[in-house]
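Work through the exercises below with the coordinates open. Each one has a task sentence, followed by a solution in steps.

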Amino acid sequence: LSLAGNKPLIAVNHLHAHLLAVGLEHELLYPLLGLLVSGGHTHIYRVDAPESLELLGHTLDDAAGEACDKFAKMLGLPYPGGVLLDRLAQRGTADAHLFPRPYTHVDNLDFSFSGLKTAFLNACHKMEQTGEELPRADLAASFEQAVVDTLCEKASLAMADFGLATLCIPGGTRSNRT
């Protein structure tokens, strides 16, 4: 289109745009830590200026939002399920020991949420074997809490490691209330 219309082509990294778009409504105080949490990406950036972003950690498999959508599907909720999962979770009680805090035992800022699906399936299988009814709202609350705890742990680690005081969290998944 640029060539056909004889117009300049301006490259925009949409992930950086997510981070910087927060500055449209709030003053961004640099340097800051950017935690992008969406359906397709879970990334941590050090942002020293609008044109100076350094990727510190990223999704190795399922992003937080993608994991929420998949978990919602396993609970029988329609796609996209993240918002519906969040609504269901608001009616439940989280069990901090039901699901692991994935990939927090490693010495880096990367994320891996695919193991939460396996943990969920194992929890369901165990409940079915003992004849327990699946407490969908409690499972949703426990799952969301595991995701949030993981995000908080990684963000806190990054802020401490880099001496940053400001945290910017863009992305659709950050809209969940948990």
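Buried means under 20% relative accessible area, and exposed means over 50%. The model is predicted.

**Exercise 1. Burial of single residues**

Solution. 
1. The cut-off used here is under 20%.
2. To place Lys117, note that this residue lies in helix α4. Not counting residues up to four places away in sequence, Lys117 touches Asp62, Lys70 and Met74.

**Exercise 2. Aromatic pairs**

Task: Classify the ring pair Phe71 and Phe99 and the ring pair Phe71 and Phe143, and state which parts of the chain each pair connects.

Solution. 
1. A pair of aromatic rings is described by the distance of the centres and the angle of the planes.
2. The structure holds 5 aromatic pairs. In one of them, Phe71 and Phe99 have ring centres 6.0 Å apart and planes at 90°, so this pair is edge-to-face. The angle cut-off for that class is over 60 degrees.
3. Phe71 belongs to helix α2 and Phe99 to the loop between α3 and α4, so the pair ties together parts 28 residues apart in sequence. Phe71 and Phe99 are both buried.
4. For Phe71 and Phe143, the centres are 3.9 Å apart and the planes at 10°, so the pair is stacked. Phe71 in helix α2 and Phe143 in helix α5 are 72 residues apart, and the pair links these distant parts of the chain.
5. Phe71, Phe99, Phe120 and Phe143 form one aromatic cluster.

**Exercise 3. The nonpolar cores**

Task: Find which members of the largest nonpolar core touch the most other members, and which element gives the largest share.

Solution. 
1. The largest nonpolar core has 36 residues, and Leu75, Leu85, Phe99 and Phe143 touch the most other members.
2. Two or more residues come from each of β1 (32–37), α2 (64–74), α3 (82–89), α4 (114–129) and α5 (136–162).
3. Helix α5 gives the largest share, with 11 residues.
4. Another core of 9 residues lies apart from this one, and Leu15, Leu28, Leu36 and Val47 are among its members.
5. Outside four places in sequence, the contacts of Phe99 are Phe71, Leu116, Ala119, Phe120, Leu139, Ser142, Phe143 and Ala146.

**Exercise 4. One side of a helix**

Task: List the buried residues of α3 and state what they pack against.

Solution. 
1. The buried residues in α3 are Gly82, Leu85, Asp86, Leu88 and Ala89.
2. Around the axis they cover an arc of only 160°, which puts them on the same side of α3.
3. The buried residues of α3 pack against α2 and α5.

**Exercise 5. The strands**

Task: Describe how β2 pairs with β1 and with β3.

Solution. 
1. β1 and β2 are antiparallel, with 6 bridges, and form a hairpin with 4 residues between them. Leu33 stands opposite Arg46 in β2.
2. β2 (residues 42–49) and β3 (residues 52–57) also run antiparallel, joined by 5 bridges. Their hairpin has 2 residues between the strands.
3. Tyr45 stands opposite Leu55 in β3, and Ala49 opposite Ser52 in β3.
4. β2 is mostly covered, with 7 of its 8 residues buried.

Note on methods: Residues numbered from 1 in each chain as written. Predicted model: local features only at pLDDT ≥ 70, side-chain atom pairs only at ≥ 80, totals over all residues. Heavy atoms only, no water. Core = buried A, V, L, I, M, F, W, Y, C linked by side-chain atoms within 4.5 Å. Buried < 20%, exposed > 50% of the residue type's maximum accessible area, 1.4 Å probe, protein only. Contact = heavy atoms within 4.5 Å. Pairing = 2+ DSSP bridges. Phe/Tyr/Trp six-rings, centres within 6.5 Å; stacked < 30°, edge-to-face > 60°. Arc of directions from axis to C-beta.
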